[in-house]
Amino acid sequence: MRWSRRKIVIGASAAAAVGLAGALVVVLTGGRTPPAPSRPGPASSQALTSPFTGEPVMALGPVLAVKIDNLAPARPQTGLTAADIVYVLPVEGGLSRFLAVFSSRLPPVIGPVRSAREDDLELLRQFVRPAFAYSGAQPQLLPVVEKARTVDLYAGRVGGYFRDPRRVAPHNLYARTRQLLAEAPGAGKAHDIGFRFGPAPAGGRVTASFSVSYPAARFMFRWSAKDGRWLVWMDGAPARAAEGGQLGAPTVIIQYTKVRTSRFLEAGIRPPYAESTGSGSGVVLRGGQAYPVRWSRPGADGGTTFTSPSGQAMTFARGQVWVVLAAG
């Protein structure tokens, strides 16, 4: 399965998005010059920031990961705007689903919730023991998911789920997030997974939009200087949120990887398995620019590092991060 990629580069310079470096606290005081930036690193003890978004938080909360439907009948989705990270993953039929990760903020409701796939488990291990909400899984895969290193929130065994009668099944299963977390008292808290936040580095190319295609699905990320985000378009239309407005994020990562097939059949076929360990190339979109990067995740128990061609840590803009796993 091959994905196509396209960049449209414009000649105007883009304003750099303002980030918060992991080891840096920028203090704005009246009339005084802020201290010089230091090397990007993990969050400083002087001000607690989310390792997932780089934004200030009162405390590091438990991690809740939810598998979200992305077929046309499931749109617009509910709760995605509150996610810290949105992973885009391939599924059977050349389509996609989301794995949304929450910790800094919890929307009241999230959905539509759909079934797990084998590659979810490798991706989730970096979070140590996240709460994982999903509607079910293929019969041979389900016991594997239930025994994985997560707090299992399978809809068939815990509370917090409900059906919206205004939508057609199976695209109508939703979950109340606080009830889910009440079912997961042992869920692990947010910790460093390799993301670094800070001022935009040199080496980017001014980019108006960037596209990635599945065999049966298309994503385009268009830079909006007004919103300070890459607005998401899916299958040629703006990706709307049920709460209003358009989905988008200050940072988008296109992570090119090996996409093989899963061991477990879905409707008689083997769905794709996007590997999230190993290493490869990628593109980071931030501040209206595209940056070539290398990514590395030697093992499933650790996070992913992103570096520039010179070997320096690639910094992200503060806020929600989208990660698209693409064959390449």
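User: Quick one to start: is Arg260 buried or exposed, or partly exposed?
Analyst: Arg260 counts as partly exposed, at 31% relative accessibility. Keep in mind that this is a predicted model.

User: What does Arg260 form a salt bridge with?
Analyst: Its partner is Glu275. The closest N and O atoms are 2.9 Å apart.

User: Which ring does Arg260 lie over?
Analyst: Arg260 lies over the face of Tyr273, 3.9 Å from the ring centre. There is also Arg222, whose charged end sits over the ring of Trp233. That one is 4.0 Å from the centre.

User: Back to salt bridges. How many are there in the whole structure?
Analyst: Twelve, from a search of the whole structure. One of them joins the side chains of Arg125 and Asp301, at 2.6 Å from N to O.

User: How many residues lie between the positions of Arg125 and Asp301, I mean how far apart are they in the chain?
Analyst: They are 176 residues apart. Arg125 is in the loop between helix H1 (118-124) and strand E6 (131-134). Asp301 is in the loop between strand E20 (289-297) and strand E21 (305-307).

User: What is the relative accessible area of Arg125? And of Asp301?
Analyst: Arg125 has 36%, so it is partly exposed. Asp301 has 46%, which is partly exposed too.

User: What does Asp192 pair with?
Analyst: Asp192 forms a salt bridge with Arg196, with the closest N and O atoms 3.0 Å apart. Asp192 is partly exposed at 35%. Arg196 counts as buried at 16%.

User: Which residues are linked in a network of salt bridges?
Analyst: Glu92, Arg117 and Glu266 are linked that way.

User: Changing topic: how many aromatic pairs are there?
Analyst: The structure holds 14. Among them is Phe162 with Tyr174, a stacked pair. Their centres are 6.0 Å apart, with 25° between the planes.

User: Why does that count as stacked?
Analyst: Planes under 30 degrees apart count as stacked, and this pair has 25°, so it qualifies.

User: Where are those two residues?
Analyst: Phe162 is in strand E8, residues 161-163. Tyr174 is in strand E9, residues 173-176. They are twelve residues apart. Phe162 is partly exposed at 24%, while Tyr174 is buried at 4%.

User: How many bridges join E8 to E9?
Analyst: Three, and the two strands run antiparallel. The bridge partner of Phe162 in E9 is Tyr174, the residue that also stacks with Phe162.

User: What is the strand order in that open sheet?
Analyst: The order is E5-E9-E8, with antiparallel pairing. E5 (109-110) and E8 stand at the edges, each with a single partner strand. One side of each is therefore left without a neighbour in the sheet.

User: What about Phe195 and Phe197, buried or exposed?
Analyst: Both are buried. Their ring centres are 6.4 Å apart and the planes are at 70°, so the pair is edge-to-face.

User: Last one: which residues do ring pairs link into a cluster?
Analyst: Phe98, Tyr214, Phe219, Phe221 and Trp322.

Technical notes
Residues numbered from 1 in each chain as written. Predicted model: local features only at pLDDT ≥ 70, side-chain atom pairs only at ≥ 80, totals over all residues. Heavy atoms only, no water. Phe/Tyr/Trp six-rings, centres within 6.5 Å; stacked < 30°, edge-to-face > 60°. Helix = DSSP H or I, 4+ residues; strand = E, 2+ residues; numbered from the N terminus. Buried < 20%, exposed > 50% of the residue type's maximum accessible area, 1.4 Å probe, protein only. Lys NZ or Arg CZ within 6 Å of the ring centre and 35° of its normal. Pairing = 2+ DSSP bridges. Salt bridge = Lys/Arg side-chain N within 4 Å of Asp/Glu carboxyl O.
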